Amino acid sequence: HYPLRRQRQMCIRDRIVADGIEDESFNIQNKGKYVDAFEFNQLTENPETIVVDMRNHYEYEVGHFKGAIEIPSDTFRDQLPMAVSMLEEKKDATIIMYCTGGIRCEKASAWMLHNGFKNVFHLKGGIINYAQQIKENEIDNKFIGKNFVFDERLGERITADIISNCHQCGKLCDTHVNCENSGCHLLFIQCED
């Protein structure tokens, strides 16, 4: 039903999120346990709980959960083995993973379990759902800053905290912009000045 030109542009992807997983024994159905905002907050009351941010570095730098660790990578494909490596000594710890809307964490939590981690959770619906739940249910908010979103807004304010700086002058700022140079398209934080 699409014009021929449109048909050529369409492609079917094997995976929503590129992950680099080639292990045929990996089972995406064996994923971590879901937690809602209330359960997330309860689990993070224990100082031994490890909270893992599975988003890109530019998302983490403008907002994240208090005490969350960043898996410092530019791609999800690189983050999966890096998360396993960084937490190798913590296979029996309680680990909660989160991302923007929950899609990456479905796979990331399954990957951690596949690699021998025992107690893996992930935030159902990600930060987007968490923010909605804390408002609707008047739950304590453990997220600070802004949630990066993939539309023209490039961010949704969760708290008034600004936790990042302009990449050019260093002033407190959490506004992402895309470089307008067509050869660049770099996403960076830039203040009005």
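Visitor: Hey, how much of this protein counts as buried?

Guide: Of its 193 residues, 44% do. Buried means under 20% relative accessible area, exposed means over 50%, and partly exposed is in between, using a 1.4 Å probe and protein chains only. This is a predicted model, where local features need pLDDT of at least 70 and side-chain atom pairs count only at pLDDT 80 or more, while totals for chains, interfaces and linings use all residues. Residues are numbered from 1 along each chain as its sequence is written, and side-chain values use heavy atoms, with hydrogens and water left out.

Visitor: OK. How many helices and strands does the protein have?

Guide: There are 6 helices and 10 strands. Both are DSSP runs numbered from the N terminus: helices are H or I with at least four residues, strands are E with at least two.

Visitor: What share of the contacts join residues at least 24 apart in sequence?

Guide: That's 60% of the contacts between residues at least 6 apart in sequence. Contact here means heavy atoms within 4.5 Å.

Visitor: Let's pick a helix. Which residues of α6 are buried?

Guide: In α6, the buried ones are G126, I127, Y130, A131, Q133 and I134. They sit on the same side of α6, because they cover an arc of only 165° around the axis. That arc is taken from the directions from the helix axis to the C-beta atoms.

Visitor: And on the other side of α6, which residues are exposed?

Guide: K135 and E136 are exposed there.

Visitor: So what covers the buried residues of α6?

Guide: The cover includes α2 (37–44), β3 (63–65), β5 (94–98), β6 and β7 (143–147).

Visitor: How far apart are the end C-alpha atoms of α6?

Guide: They're 16 Å apart, and that agrees with the 16 Å that the 12 residues of α6 (residues 126–137) should span at 1.5 Å a residue. The expected span is 1.5 Å times one less than the number of residues.

Visitor: You mentioned α2. At what angle do α2 and α6 pack?

Guide: The angle is about 95°, and their axes are 9 Å apart. That makes α2 roughly perpendicular to α6. Axes are lines fitted to C-alpha atoms, for helices over the stretch in contact, and angles run from 0 to 180 degrees between N-to-C directions. Under 35 degrees counts as roughly parallel, over 145 as roughly antiparallel, 65 to 115 as roughly perpendicular and the rest as oblique.

Visitor: Which residues meet there?

Guide: From α2 it's A37, F38, F40 and N41, and they meet Y130, Q133 and I134 in α6.

Visitor: Switching to α4: which of its residues are buried?

Guide: F76, Q79, L80, A83 and V84. They lie on the same side of α4, since their arc around the axis is only 125°. They pack against β2 (50–53) and α5 (103–114).

Visitor: Tell me about Q79. What does its side chain reach?

Guide: The Q79 side chain reaches the backbone oxygen of R55 at 2.7 Å. That's a polar contact: a pair of N or O atoms within 3.5 Å, where within protein one must be able to donate a hydrogen and the other to accept it, and residues adjacent in sequence count only if both atoms are side-chain atoms. Q79 has a relative accessible area of 0%. Leaving out residues up to four places away in sequence, Q79 touches D53, M54, R55, N56, I71, S73 and R104.

Visitor: What about H122, buried or exposed?

Guide: H122 counts as buried, at 0% relative accessibility. It lies in strand β6 (residues 119–123). Beyond its neighbours within four places in sequence, its contacts include K31, K33, Y34 and E106.

Visitor: And where does K33 lie?

Guide: In strand β1 (residues 33–35). K33 counts as partly exposed, at 45% relative accessibility. K33 and F121 are 88 residues apart in sequence, yet 4.6 Å apart in space, C-alpha to C-alpha.
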